[in-house]
Amino acid sequence: LRGPPGRPVLSVRSGSGLELSSKALADLMKSVLARGLPFRFRVRGWSMSPFIRDFDVLTVVPLGSRPPRTGEIVAFVSTVDERLVVHRVVGRRGAALLVQGDNLAGATDAAIPESRVLGRVKRIERDGKTVRLGLGAERSAVAFLSRKGLLAVLAAGARALFRRGSAARA
Amino acid sequence: MQQPAVKLDRVYIPSEDIVAREIEGELIIVPLAAGVGDMEDELYSLNDTGQEIWRRLDGRADLQAVVTALCKEYEADPDLIIQDVVGLMEELLKRRIVVERPAG
C-alpha cells in the first residue's frame, strides 16, 4: 500500500502564463487540430519578423483537403528536433515543402514532408489587433523575396529609413 | 441550471469538448466548448492525485470501482477517498470536463 494520497486538485490556469515546451505545444496543437478546430496560441521568436513578432498570438487552422500553397505560413514539427516551427512555404521540391523564416536571410530552405505540417496560420494578432500584412495576396511575393534572401535585406532597409525619418522629425 | 449529483454507480468519461494531454508530468486540459483550442484562455490542470482518478475514467469503471481501486492502492480512510473522489468529480462535471456516460 502506498501512503495516503494528497487531495485531488483541479487548478484553473491562465494559458498565457503557462510555460510549455515547444514539443508540448505541438502535441496540444496536433490534438486540437485533429478535432477539426482552430488552435490559438502565443508564439515566441523572431524568425518570421516583420510579419510575425515575438509574443504575437496566432490562430492555426487544420489544412483540410487543400495542401499548403506557396506564400502561406504553416505550423509544422521540425524533422531535426521535433520542435514546433512556424515558417512560410516558399516552394516545393518534389513532394516536400520548402519552408523558411521570413527573417532568416541566407538561411538554407528546409525541405519538410507535407505530413509534418499541422496547420496553416489563419490569423495574426498583435496587441489585441488583427495584423493582415503577410497573410493576404502579397504572400506569394513575400515568399519569393524570402527565398531569394531579399526580404530581410529589404526589411532592414525599411527599418533604417524609418529610423532616419524619426530622427529627422525629432 | 442545477448540476446533477455525482453518483457512485455511474460511469463518468472525459467530455468530447476538451483535449487532455499529460505534459511534463502535468495533465493539461484545454476546453474546446468555444469551438477553438485557445491557449490564451483558461486551461485546467490536475495534480498527481487528480491524475490517478482521471486515468481510471476509462468508460468502463463506475465511480465505485474507481474508489475501490484507490482504496486498494492507498493506505487511507475509505470515507476520505470517497469524499475526495466525489468532490473532484463535482468540479469536473461543473466545468463540463467530464460527462456521465449515457446508459446502454
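**The interface between chain A and chain B**

Strand β1 (residues 10-14) of chain A is joined by 5 bridges to β5(B), and the two strands run antiparallel. Within this pairing, Leu10(A) has Leu46(B) of β5(B) as its bridge partner. The model described here is a predicted one.

The extent of the interface was considered next. The size of an interface is often expressed as the accessible area that is lost when the parts come together. For chain B and chain A, the area buried between them is about 3,300 Å², and carbon and sulfur atoms account for 58% of it. Of the area that chain B buries against chain A, 20% is supplied by Met39(B), Glu40(B) and Tyr74(B), more than by any other three residues. In terms of residues, 41 from chain B and 33 from chain A take part in the contact.

Glu40(B) forms a salt bridge with Arg42(A), in which the closest N and O atoms lie 2.7 Å apart.

On the side of chain B that touches chain A, at least two residues each come from the strands β2 (18-23), β3 (26-31), β4 (37-38) and β5 (42-46) and from the helices α1 (48-55), α2 (63-73) and α3 (78-94). The residues on this side of chain B comprise 19 nonpolar, 7 polar and 15 charged residues.

Methods
Residues numbered from 1 in each chain as written. Chains lettered and ligands numbered in written order. Predicted model: local features only at pLDDT ≥ 70, side-chain atom pairs only at ≥ 80, totals over all residues. Heavy atoms only, no water. Contact = heavy atoms within 4.5 Å. Buried area = accessible area lost by both parts, 1.4 Å probe. Salt bridge = Lys/Arg side-chain N within 4 Å of Asp/Glu carboxyl O. Helix = DSSP H or I, 4+ residues; strand = E, 2+ residues; numbered from the N terminus. Nonpolar A, V, L, I, M, F, W, Y, C, P; charged D, E, K, R; others polar. Pairing = 2+ DSSP bridges.
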